[in-house]
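Subject: Structure handover and notes

Hello,

Here is the structure you asked about, with the sequence alongside. My notes on what turned up in it follow below.

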Amino acid sequence: MAESSGRSERRVRPSPLLFEPTEVASDPEHFFDLESIEDPRDLLSRATELTLAFQAATDRALEFQAVAAAQLADPRRFDRLTAAEIARRAEWSEDYAKRMIDFGRDLLRGPDPDPQTTRRRP
């Protein structure tokens with residue numbers, strides 16, 4: 001299997017993020033048990049898995065933010081919010097809120113029928 005295919009598979013199924021017990025998480029030297037891995041090859045592998053998992057989680061969370069922003073700005077809602085209000089609540093700039101609303105609307109529309117076009121993240 002080619003290297004790029006392996007990376008694609010990893011992005012689809014990243015390493016699970018395991019929640020750490022609060023007493024362990026309070027130790028600033030402790031991070032997902034990486035400090036206990038002695039073999040540098042194993043450490044690199046696990047740290048890479050975690051990096052990909054965090055990136056995937058970030059991408060997914062960003063999509064949920066965009067969908068929520070689009071739903072909150074929906075003109076059909078009687079309680080719709082302005083981009084300025086969404087920006088204030090999310091601690092974004094108003095311009096970024098507008099881009100997130102547009103991105104969320106694209107996501108809510110579903111898959112793009114034209115594979116030549118790509119959705120732009122804010």
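Leaving aside its neighbours within four places in sequence, which residues is W92 in contact with? They are Q65, A69, I86, A87, A97 and M100. Please keep in mind throughout that this is a predicted model.

Overall layout

The protein chain has 122 residues, and 21% of them are buried. Its secondary structure amounts to 5 helices and 0 strands, so the pattern along the sequence reads α-α-α-α-α. Of the contacts between residues at least 6 apart in sequence, 46% join residues at least 24 apart.

The tryptophan and the core

W92 sits in the loop between α4 and α5. Its relative accessibility is 18%, and the cut-off for buried is under 20%, so W92 counts as buried at 18%. W92 also belongs to the largest nonpolar core, which has 13 residues. The residues with the most contacts inside this core are A69, I86, W92, A97, M100 and I101. Two or more core residues come from each of α3 (40-72), α4 (83-90) and α5 (94-109). The largest share, 4 residues, is given by α5.

A69 is another residue to look at in this core. With neighbours within four places in sequence left out, A69 is in contact with I86, W92 and I101.

Helix α4

Three residues of α4 are buried, namely A83, I86 and A87. These residues lie on the same side of α4, because the arc they cover around the axis is only 100 degrees. They pack against α3 and α5. On the face of α4 turned away from its buried side are the exposed residues R88 and R89. After α4 comes E91, which has a positive phi, near 60 degrees.

How α4 meets α5

The axes of α4 and α5 come within 8 Å, with a crossing angle of roughly 105 degrees. Angles from 65 to 115 degrees count as roughly perpendicular, which is why α4 is described as roughly perpendicular to α5. On the α4 side the contact is made by A83, A84, I86 and A87, and on the α5 side by E94, A97, K98 and I101. By class, this contact has 6 nonpolar and 2 charged residues, with no polar ones.

How α3 meets α5

At what angle do the axes of α3 and α5 cross? The angle is roughly 95 degrees, and the two axes come within 7 Å. The helices α3 and α5 are therefore roughly perpendicular to each other. From α3, the residues involved are L62, E63, Q65, A66, V67, A69, A70 and Q71. They meet Y96, M100, I101, F103, G104, R105, L107 and L108 in α5. This contact of α3 with α5 divides into 11 nonpolar, 3 polar and 2 charged residues.

Where to start

If you open the model with W92 in view, its partners A69, I86, A97 and M100 are also among the residues with the most contacts inside the largest nonpolar core. From there you can follow the buried residues of α4 to α3 and α5, against which they pack.

Regards

How values were computed. Residues are numbered from 1 along each chain as its sequence is written. This is a predicted model: local features need pLDDT of at least 70, side-chain atom pairs count only at pLDDT 80 or more; totals for chains, interfaces and linings use all residues. Side-chain values use heavy atoms; hydrogens and water are left out. A nonpolar core is a set of buried Ala, Val, Leu, Ile, Met, Phe, Trp, Tyr and Cys residues joined through side-chain atoms within 4.5 Å. Buried means under 20% relative accessible area, exposed over 50%, partly exposed in between (1.4 Å probe, protein chains only). Contact means heavy atoms within 4.5 Å. Axes are lines fitted to C-alpha atoms, for helices over the stretch in contact, and angles run from 0 to 180 degrees between N-to-C directions. Angles under 35 degrees count as roughly parallel, over 145 as roughly antiparallel, 65 to 115 as roughly perpendicular and the rest as oblique. Ala, Val, Leu, Ile, Met, Phe, Trp, Tyr, Cys and Pro count as nonpolar, Asp, Glu, Lys and Arg as charged, and the others, Gly among them, as polar. The arc is that of the directions from the helix axis to the C-beta atoms.
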